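The following exercises concern a single protein chain.

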Amino acid sequence: MTTKTTIDGQVARINGVALNAAGETPSAEELRQRACTELLRQAAQAAGMLAASDAPSGDGVISEAASAAIELLLERELDSPEPSEEACRRHHAAHEAAYSTGERVRARHILFAVTPGVDVVALRKRAETILLDVRCHDGQAAEGFADAARQWSNCPSGAEGGDLGWLVAGDCAPEFARELFAQVGVGVLPLLVHSRFGLHVVEVQEREAGVAQPFEAVRGAVANSLRQQAFVTALRQYLRLLAGAATVDGVDLDAADTPLLQ
């Protein structure tokens, strides 16, 4: 992979194809997502699954024909073996809590939204400062968290002191639920929670344990989870191969937080 760094406001490219308009400054994550999509679109064209006349988007939104061609390409190129019974049982035994039913938490949060043009570094520093402050007063000043939420949160819940009420995993974005339900205690979570909406300072106020389900009752869900893991692993490996043969200008596909390559 040949990579050149592009300064903000200039155009990033994959094999000469622009990923953004001149003057547009997408976030690093958005730019990497566009780069991965463009690599797959070009691979579909090279495989004869997509017409050479299909135009690149320049904003990450590809044509319906390109989406269908990429799906066919991945079906052909990715090796995602069917999980064995033994593998499913091992996974269930190691992650039994993930397959319990009825677990819920009462929580509140302070959202620092990541929006186009926002200074993410400055936003993170502010979020970390607020996190430290509310953690220092955790359990001592109940209104401290609520006051911070009313002042800083970009979520409508901020007007209610950040209160989210009682939540089950299905009520939240998956990446938010993973952090919320991976803990066992209550209190302010020690680290910022990252989600598609931004950075969250989260306090768990109460927990109600779920009921563990036997393997036989969740066999299908376990198998689907392992299939998804295998697919994501195979996709990242395939994208690494495509990136290694590409000329990449202005986007870092080796970054640790690359959505599809980490």
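**Exercise 1. Identify the residues that line the largest cavity, and state which element contributes the largest share.**

Solution. Step one is to list the lining: A18, L19, R34, T37, E38, S57, G58, G60 and I62 line the largest cavity. A cavity is a set of points, on a 1 Å grid over the protein atoms alone, where a 1.4 Å probe fits but cannot get out, and lining residues have an atom within 4 Å of a point. Step two is to assign the lining to elements: helix 1 (residues 28–46) gives the largest share, 3 residues. Helices are DSSP runs of H or I with at least four residues, strands are runs of E with at least two, and both are numbered from the N terminus. Step three is the volume: about 60 Å³ of space lies in this cavity, where volume is the space filled by probe spheres set on the points, joined across faces, edges and corners. The structure holds 1 cavity of 30 Å³ or more.

The model is predicted: local features need pLDDT of at least 70, side-chain atom pairs count only at pLDDT 80 or more, and totals for chains, interfaces and linings use all residues. Residues are numbered from 1 along each chain as its sequence is written, and side-chain values use heavy atoms, with hydrogens and water left out.

**Exercise 2. Describe the surroundings of H200.**

Solution. First, locate the residue: H200 lies in strand 8 (residues 198–208). Second, consider its accessibility: H200 counts as buried because its relative accessible area is 4%, and buried means under 20%, exposed over 50% and partly exposed in between (1.4 Å probe, protein chains only). Third, find the polar partners of its side chain: the side chain of S195 at 2.7 Å and that of H109 at 3.0 Å. A polar contact is a pair of N or O atoms within 3.5 Å; within protein, one must be able to donate a hydrogen and the other to accept it, and residues adjacent in sequence count only if both atoms are side-chain atoms.

**Exercise 3. Where is N15 placed, and what is its phi?**

Solution. Begin with the position: N15 is in the loop between strand 2 (13–14) and strand 3 (17–18). Next, inspect the backbone: N15 has a positive phi of about 50 degrees, although it is not a glycine. Finally, N15 is partly exposed, with a relative accessible area of 40%.

Key: Contact = heavy atoms within 4.5 Å. 1 Å grid on protein atoms, 1.4 Å probe; cavity = no way out; pocket = protein on both sides within 12 Å on 5 of 7 lines; lining within 4 Å. Lists of a residue's contacts leave out its neighbours within four places in sequence.
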